Each structure stands twice: as structure tokens, then as C-alpha cells.
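Work through the exercises below with the model open beside you. Each task is followed by a worked solution.

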Amino acid sequence: MRKLFLRMVIAVTVAMLFFSIPAATQLSPVTAKAAHVQITQGPETERVDPDFAIITWTSNNPGGSPEHDGIVRYGTDPNNLTEIAKSPIRLNPSHPYTVFRVRMPGLKPKTTYYYTVASMEANGNYDQVKSPVRHFTTP
């Protein structure tokens, strides 16, 4: 009797994994876009290692599509920020603000990097917010 019960539990679990309905998952709704998106805190370096850095900043909730990307444009010349790092994020429509964190890989030790941050919807539409150029030096 125990073996039969155990087999049934396993069969039901496997069936639930293979036949789950993606539409049943809860998705964040598209919300009204903010009239004006602004950075309210940062950007700042959360962590700087010899070969990578993490940049973080907070903005008011930009709204629109729930899928957004935090974007960092960077380089070793403040007038030529040709490298791009980005990190996806899902907005919480009930929060008045959004925290972005972006990892910048492949950095060189003992090098000064300049960067600016922005955010955009997953469809490529920018949120019309961009930070001034900041900098840090890798150890």
C-alpha cells in the first residue's frame, strides 16, 4: 500500500512539472509610465574588484512594461563610453521606486573607469533618465 501511494505521489508531481500551464503564472501588469523618471539615489559603486564592478542606483518607478534593463555605459575615457553592461529587472508596480544593480565584467586592474547609468524597457525604449558621468578605479 505504501509503495502504491509513493508511486502516485511521484506520478502526480511529475505530471504537475511537465503539464503546468504557463498562463497560470502571475505576471506583473503593464502600468502607466511615470511622467518624469529621475535617479533618486546614486549611482554608486557597490563593489569594485580588480576585474569587475557592481554599480547600483535607485529611481522612481518608471512604469510601462514590467521588464526593464539597468544600463551602464563605461570606458576609460569620460568622452568615449563605448562599453555597455546591462542587467534585467522586473518592476514591482506597487513600489514607488526601483533599485537597479548592474555588474560590469572584464575590467582591468589599476584602471580608472568612467560610467553613466540609464534604464530602459525590454522593448528598447529608454526611460529618459541618464546620470552624470562618474568614475572609480579598480584595485
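Accessible areas come from the Shrake-Rupley method with a 1.4 Å probe. The model used here is predicted.

**Exercise 1.** State the accessible surface of the protein and the share that belongs to carbon and sulfur atoms.

Solution. The accessible surface comes to about 9200 Å². Carbon and sulfur atoms account for 58% of this surface.

**Exercise 2.** Describe the secondary structure of the protein and its order along the sequence.

Solution. Begin with the count: there is 1 helix and there are 8 strands. Then read along the sequence, which gives the pattern α-β-β-β-β-β-β-β-β.

**Exercise 3.** Find which residues of the largest nonpolar core touch the most other members.

Solution. This core has 14 residues, and Ile55, Val72, Tyr74, Met104 and Phe136 touch the most other members. Next, locate the strands: β2 (53-60), β3 (67-75), β5 (97-104) and β6 (112-121) each supply at least two residues of the core. Now take Val72: leaving aside neighbours within four places in sequence, its contacts include Ile55, Trp57, Val102, Met104 and Val117.

**Exercise 4.** Explain what the salt bridge between Arg101 and Glu46 ties together.

Solution. The two side chains meet at 2.4 Å, N to O. Arg101 belongs to strand β5 and Glu46 to strand β1 (residues 39-48), so the pair ties together parts that are 55 residues apart in sequence.

Methods. Residues are numbered from 1 along each chain as its sequence is written. This is a predicted model: local features need pLDDT of at least 70, side-chain atom pairs count only at pLDDT 80 or more; totals for chains, interfaces and linings use all residues. Side-chain values use heavy atoms; hydrogens and water are left out. Helices (H or I, at least four residues) and strands (E, at least two) are DSSP runs, numbered from the N terminus. A nonpolar core is a set of buried Ala, Val, Leu, Ile, Met, Phe, Trp, Tyr and Cys residues joined through side-chain atoms within 4.5 Å. Buried means under 20% relative accessible area, exposed over 50%, partly exposed in between (1.4 Å probe, protein chains only). Contact means heavy atoms within 4.5 Å. A salt bridge is a side-chain nitrogen of Lys or Arg within 4 Å of a carboxyl oxygen of Asp or Glu.
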